[in-house]
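Please read them with the structure open.

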Amino acid sequence: MSNAQMAPLRPETVTSILQSAVLAPSSHNTQPWHFEVDDQTISLYADRTRALPANDPEDRELTISCGCALMNLRVAAAHGNWAANYELLPNSEDEDLLAVVQLYSTEPSNSSEAELFSAIAHRRTYRKRFAPREVSRSIIEELVQAAAKEQAWLQVIDSEETRQAVAALVAEGDAIQWSNPSWRRELAAWMHPRRRGDGLTVPGLVLPVAQAVVRTFDMGNGVGANDRQLADESPVLAVLGTDGDGVQDWLAAGQALERVLLRAHRNGLQASHLNQPIQLASLRIKLQHLLGRSGFPQLLLRFGFAEEEIPAAPRRRLEDVVG
């Protein structure tokens, strides 16, 4: 870091960097992060008031989401000619403090982080069917290398037999989750009108009815059939995983996930998650067995070319996540 130097962090610099950080994906669009700024340092905290006890009882996905925000922060810093030195879990007595990032002014560079910046604002979680178009092996290899750069792995499911088995696990996961009234209530509670700035967006006029339906009816079979078809038809189906399964591994998975998603967008792809087989411990073991490798699956992803533009998910005001 011979070309890096200490320089004051101006408010507009912090605002610009954090505006990109908060565009990270999160389960149910909960945006479970909080930032504190001090001199050269940005601290990233988990906001556990936005946890999902039924869907994510160990806060694994919450931590992964914060890792995604950290990756966006690193990319935005590199784009603004700031070198970002970060330390994960710097205080063993504060489990909410996930990372501390020190920023140093540096010379312009064509770093692998900086070149991803333009994708941050245009990445989407695309839950619709993808165009019936193959993804080249060279692009897939780029995604595999992107995950490895963050100490994670991305395993593409090529075998048709394995793909169908994984799709069946997705449907089984839907059936189990939708049969759980607590899970349905939690999902309904995070269905919000767009003006709220978070959650799963539902038009205001139909929101009360939609919430009542989700809370009341077990729609697992129908949802499962649709998700099974989405998994089976996706041009690329892949599992992102880590060698370990602790908090630091989850943060690595989050950074790897966002690097993969941004790299995918640079190649014209969008993605979405089908994490049901990983959210349920009994199915996660089955998925591990299907993969035939050591390590822990953290996310099940589908990639492809979007057939239409979709709006960005709403975001909370920056002043609500910085303090």
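**Notes on the fold**

1. Six bridges link β1 to strand β2 (residues 41-46), and the two run antiparallel. Two strands count as paired if DSSP finds at least two bridges between them; helices (H or I, at least four residues) and strands (E, at least two) are DSSP runs, numbered from the N terminus. Across this pairing, His34 stands opposite Tyr45 in β2.

2. This is a predicted model, where local features need pLDDT of at least 70, side-chain atom pairs count only at pLDDT 80 or more, and totals for chains, interfaces and linings use all residues. Residues are numbered from 1 along each chain as its sequence is written, and side-chain values use heavy atoms, with hydrogens and water left out.

3. The open sheet has four strands in the order β1-β2-β4-β3, with antiparallel pairing. Its edge strands, β1 (33-38) and β3 (82-88), each pair on one side only. On average, neighbouring strands of the sheet are turned by 20° against each other, direction ignored. Axes here are lines fitted to C-alpha atoms, for helices over the stretch in contact, and angles run from 0 to 180 degrees between N-to-C directions.

4. Helix α1 (residues 11-21) lies across β1, β2, β3 and β4 (97-105) and runs at about 165° to β1. Helix α9 (residues 247-266) lies across β3 and β4, at about 150° to β3.

5. The largest nonpolar core has 57 residues, of which Trp33, Phe35, Leu240 and Phe303 touch the most other members. Helix α2 (residues 60-79) gives the most to this core, with nine residues. A second, separate core of 16 residues includes Trp153, Val170, Leu237 and Leu283. Such a core is a set of buried Ala, Val, Leu, Ile, Met, Phe, Trp, Tyr and Cys residues joined through side-chain atoms within 4.5 Å; buried means under 20% relative accessible area, exposed over 50%, and partly exposed in between (1.4 Å probe, protein chains only).

6. Which residues of helix α6 (residues 181-189) are buried? They are Trp183, Arg184, Glu186, Leu187 and Ala188. Their cover includes α5 (160-178), β6 (191-192), β7 (200-201) and α7 (207-216). At the start of α6, a side-chain oxygen of Asn180 comes to within 2.9 Å of the backbone nitrogen of Ser182.

7. Glu61 is found in helix α2. Glu61 counts as buried because its relative accessible area is 4%. Apart from neighbours within four places in sequence, Glu61 contacts Ser27, Asn55, Asp56, Asn275 and Gln279.

Terms used. Contact means heavy atoms within 4.5 Å. A polar contact is a pair of N or O atoms within 3.5 Å; within protein, one must be able to donate a hydrogen and the other to accept it, and residues adjacent in sequence count only if both atoms are side-chain atoms.
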